[in-house]
Every structure is written in C-alpha cells, then in structure tokens.
Amino acid sequence: MIDWNRVEELRDEVGAEDFQEVVELFLEEVDEAIARMQAQPDASRLEQDLHFLKGSSLNLGFAAFSSLCYEGEAAARQGQTDGVDLPKIFNSYAESRAEFLSKSAA
C-alpha cells in the first residue's frame with residue numbers, strides 16, 4: 001500500500017524537518033481535494049482532480065492510492081467518468097493515510 005522505500009528516499013532528499021512539512025502539506029491538500037470531491041462531485045474536473053491526487057500521492061509513496069487515481073484519470077480522460085470508482089479511491093486514501101501515519105510515527 002505504501003512504498004516505504006520512496007518515503008525514505010524523500011525524507012533523505014529533503015531532510016527530516018522539511019519532510020514533516022511536506023507530509024503535513026500533502027495531507028492537508030489531499031484531504032481538502034477529497035472532501036470537495038465527496039461534497040461536490042464534478043465530472044468535468046474529475047480527470048484534473050485525479051491527476052493531482054495521483055502525482056502528489058506517488059511522490060509520497062502512496063502507491064496503491066496513486067495507482068487507483070491513475071486508472072480513474074485514464075478513464076475520465078476517455079470520457080468514462082461513470083466507470084471511476086470514487087468510493088474505492090477514497091477508501092484507499094483513508095487506508096493508506098492511516099497506515100502511513102501509524103507506521104511513520106512509530
């Protein structure tokens with residue numbers, strides 16, 4: 001679910017203090033995007049939203065979530081927004097977030 005090698009690589013690249021800021025910003029931005037997508041679904045923005053989620057999550061090692069976003073983005077690009085399983089994507093983020101926070105704090 002989490003690519004811990006990528007997490008360590010990023011932590012080494014930016015340093016421990018800046019890494020914490022990156023994590024906080026990532027979680028804040030993704031939480032906001034998902035909350036907006038849940039409250040106000042907008043098929044016209046779906047490809048753009050999933051592209052943002054895919055890229056930022058891949059950077060922080062959220063591999064499974066990023067993969068689902070990639071698949072959804074590709075479907076949305078082809079006009080198949082009805083086939084995008086947003087609950088599955090949102091659930092993957094929630095599970096990834098919980099795993100990341102529990103194991104990175106340990």
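The model is a predicted one, in which local features need pLDDT of at least 70 and side-chain atom pairs count only at pLDDT 80 or more, while totals for chains, interfaces and linings use all residues. Residues are numbered from 1 along each chain as its sequence is written, and side-chain values use heavy atoms, with hydrogens and water left out.

A nonpolar core is here a set of buried Ala, Val, Leu, Ile, Met, Phe, Trp, Tyr and Cys residues joined through side-chain atoms within 4.5 Å, where buried means under 20% relative accessible area, exposed over 50% and partly exposed in between, with a 1.4 Å probe and protein chains only. The largest such core has 27 residues, and Leu53, Phe65 and Ile89 touch the most other members. At least two residues of this core come from each of helix 1 (4–14), helix 2 (16–39), helix 3 (46–59), helix 4 (63–77) and helix 5 (86–104), and helix 2 gives the largest share, eight residues. Helices are DSSP runs (H or I, at least four residues), numbered from the N terminus. Leaving aside neighbours within four places in sequence, Ile89 is in contact (heavy atoms within 4.5 Å) with Leu50, Phe65, Leu68, Cys69 and Val84. In soluble globular proteins, nonpolar side chains tend to be buried together.

At the start of helix 1, a side-chain oxygen of Asp3 comes to within 3.2 Å of the backbone nitrogen of Asn5, and just after the helix Gly15 takes a positive phi of about 90°.

The aromatic rings come next. Rings of Phe, Tyr and Trp (its six-membered ring) pair if their centres lie within 6.5 Å, with planes under 30 degrees apart counted as stacked, over 60 as edge-to-face and the rest as tilted. The structure holds five aromatic pairs, among them the tilted pair of Phe62 and Phe100, at 5.4 Å centre to centre and 40° between the planes. Phe62 lies in the loop between helix 3 and helix 4 and Phe100 in helix 5, so this pair ties together parts that are 38 residues apart in sequence. Phe62 is buried, with a relative accessible area of 0%, and Phe100 is buried at 1%.

Charged side chains complete the picture. A salt bridge is a side-chain nitrogen of Lys or Arg within 4 Å of a carboxyl oxygen of Asp or Glu, and a search of the whole structure finds 10 of them. Asp49 forms one with Arg36, the closest N and O atoms being 2.8 Å apart, and this pair links Asp49 in helix 3 to Arg36 in helix 2, 13 residues apart. Asp49 counts as buried at 6% relative accessibility, whereas Arg36 counts as partly exposed at 27%. Glu73 and Lys54 also meet in a salt bridge (2.9 Å, N to O), and both residues are buried. Salt bridges that share partners join Glu47, Lys54, Glu73 and Arg77 into one network.

How values were computed
A polar contact is a pair of N or O atoms within 3.5 Å; within protein, one must be able to donate a hydrogen and the other to accept it, and residues adjacent in sequence count only if both atoms are side-chain atoms.
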